[in-house]
Amino acid sequence: MTRHVFLDHQSATPVYPEVFEVMKPYFTEHFGNASSLHQHGLRVRDALRTARQQMAALIHADSEEEIFFTSDGTESSNLAIKGAAYANERKGKHLVVSATEHPSVMNSVEFLEKQGWTCTRVGVTPSGHLRLKELEAAMTPQTVIVAVHHVNHDIGTIQPMKEVGRICAAAGVPLYVDCEASAGWLPVDVKDWGAAMVSFSPHRFYGPKGVGVLYRNKRARIVSILHGGVQEGGRRAGTENIPAIVGGGKAAEMAIGRLTARGEHTALLQRRLWEGLHSRVSFIKLNGPVPGPERISTNLNISTEFIEGEGQLLLCDLSGIAVASGSSCVSKSLKISHVLGAIGLDHALAQGNIIMTLGEGNTAEDIDYVIDSFAGIVTKLRAMSPMWDEFECGVIDSVIAPTGRGKSFSQHAAEVSGKASH
Amino acid sequence: MSETYTLYNPTVMDHFMNPRNMGDLKDADGVGEVGAAACGDIMKISLRIKDGRIEDARFKTFGCGSAIASSSMATELIKGRTIAEALTFSNEEVVHALGGLPPVKIHCSVLAEEALKAALEDYVKRHPESASPVIVAGQSLTA
């Protein structure tokens, strides 16, 4: 029987049995709407308050009143960015974001730019760290919000949030921190960072999908972007997803107790996986910081040269290994991940990209199986690849370990693509 | 998991997992290598041609599952055809034989057609005398 190894915890995690248990009654017996004034409504209001307290505790927020529930991380960042932009229009129409934010931030910003806002995208180093001097320089008296994520969703880089918080505080600009890739795995402290807003989603840490959390400091001004009833203090209209919120709260509570163990477990596996892949596969590169304090312990982002990412992903899947990829062939837009572009990764390496994200359920045996399988997959795909051939004949050179022979992959690709395309 | 779900249909998956005609041809009579500007995939097709007919075809592909399947299928389809027939080869034939491709992946089949035509062009360059059947077929190789 094929072993099944789930290495895509960045996309989803299984709901803990304890979490599922607490959710169940809210589908059937306690089905009330939190807006109702009768017993059914009041009971679920109570459950909502408990969940808010659990969420607040996870990120060291002062009060449950600072917790807003949305449908997921994308809605949270839309609310944070657009909500702050619209609420502070009179102060100015300038936004600052890091160049490697999640698409929900980048595309919210693009939407606002079409309506007259301007935005400065602050660059990152090749390891994905925000250029703090550029951040400082990007601030203007018209800047109404700065968005910097805690951990990058693709390459796992941990940003220096205290530094970022200091720079924003000095400029008097509220800071929104997307913690989708870190909450439940790394400590998040809204007060320590001086964050005005923070978002995270329980489905990343063994809670259910369908609920997102936005922390908003009482002094930060945002307006609602969904209009309807007066739910969530008037900041987010729409019936609350009570079972998911209750389950998410439980997942947050459990995460607090497991944070250290999670970090230690995944850090061991991360090193084992990268060291194994690095020793078994030639011309392979780790994108983002080396495993250690600057990289979240759950993430590995690798580029394997001379082969493309979707083929690797499909063959991994057929071996029971679930992974993701930032290659253009995997995206519906046929574009490489903008994060890989922002760190200046060669297009050839972005094409051969695979993202593996670890979780509590992975074991050392799983990792050894993945290393073995992946080495076989690379051999199989390289045998099919004209680029591997051409590298071996000296027609093209390696980006990862240049031999000095042949032209670059990109130059070669441009030449053969010079023919009339479609 | 009791069931296996696949991204592509069974024919495409079969050609991806068990590609036909993968490799190079020693002493090929025509070789074409093309790249897709859109996504960065690269495809190479080698042909052995005797008496105006494609005797054998091989491919190598740097690209996604559907690009590998498209080149596998294209080389299967093209074997045994005359140059004139091969010049009328269209990507739609690949898509049809594969039982369809997702809309965003149709360009993979176009790449297979382009690689084949580049290989034929290379052959004609090496064998100018073979250009006549080309004209008969009413196709221009340089267009």
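This is a predicted model: local features need pLDDT of at least 70, side-chain atom pairs count only at pLDDT 80 or more; totals for chains, interfaces and linings use all residues.

Me: Let's start with the backbone. What is the phi of A:Glu232, and where is A:Glu232 placed?

Reply: As background, most residues other than glycine have a negative phi. A:Glu232 has a positive one, near 50°. You'll find A:Glu232 in the loop between strand 8 (212-216) and helix 8 (242-280) of chain A.

Me: And B:Asp51, what is its phi?

Reply: Positive too, about 50°, and B:Asp51 is not a glycine. B:Asp51 sits in the loop between strand 2 (42-50) and strand 3 (53-62) of chain B.

Me: Are these two buried or exposed?

Reply: Count the C-beta neighbours. A:Glu232 is buried, because it has 20 of them inside 10 Å and the cut-off is 20 or more.

Me: Now the core. Which residues have the most contacts inside the largest nonpolar core?

Reply: A:Ile145, A:Tyr176 and A:Val198, in a core of 167 residues. That core lies between domain 1 (17-255) and domain 2 (258-416) of chain A, because both contribute residues to it. Beyond its close sequence neighbours, A:Ile145 contacts several residues, including A:Ile81, A:Leu95 and A:Tyr176.

Me: How do helix 8 and helix 12 of chain A pack?

Reply: In general, you give the angle and the distance between the axes. Here the angle is about 25° and the axes are 9 Å apart, so the two helices are roughly parallel. Helix 8 of chain A passes helix 12 of chain A in a right-handed crossing.

How values were computed: Residues are numbered from 1 along each chain as its sequence is written. Chains are lettered from A and ligands numbered from 1 in the order in which they are written. Helices (H or I, at least four residues) and strands (E, at least two) are DSSP runs, numbered from the N terminus. A residue is buried if 20 or more other C-beta atoms lie within 10 Å of its own, exposed if 12 or fewer, and partly exposed in between; C-beta atoms are placed from the backbone. A nonpolar core is a set of buried Ala, Val, Leu, Ile, Met, Phe, Trp, Tyr and Cys residues joined through C-beta atoms within 7 Å. Domain bounds come from an automatic or database domain assignment. Two residues are in contact if their C-beta atoms, placed from the backbone, lie within 7 Å. Axes are lines fitted to C-alpha atoms, for helices over the stretch in contact, and angles run from 0 to 180 degrees between N-to-C directions. Angles under 35 degrees count as roughly parallel, over 145 as roughly antiparallel, 65 to 115 as roughly perpendicular and the rest as oblique. A crossing is left-handed if the near helix is turned anticlockwise from the far one by less than a right angle, and right-handed if clockwise. Lists of a residue's contacts leave out its neighbours within four places in sequence.
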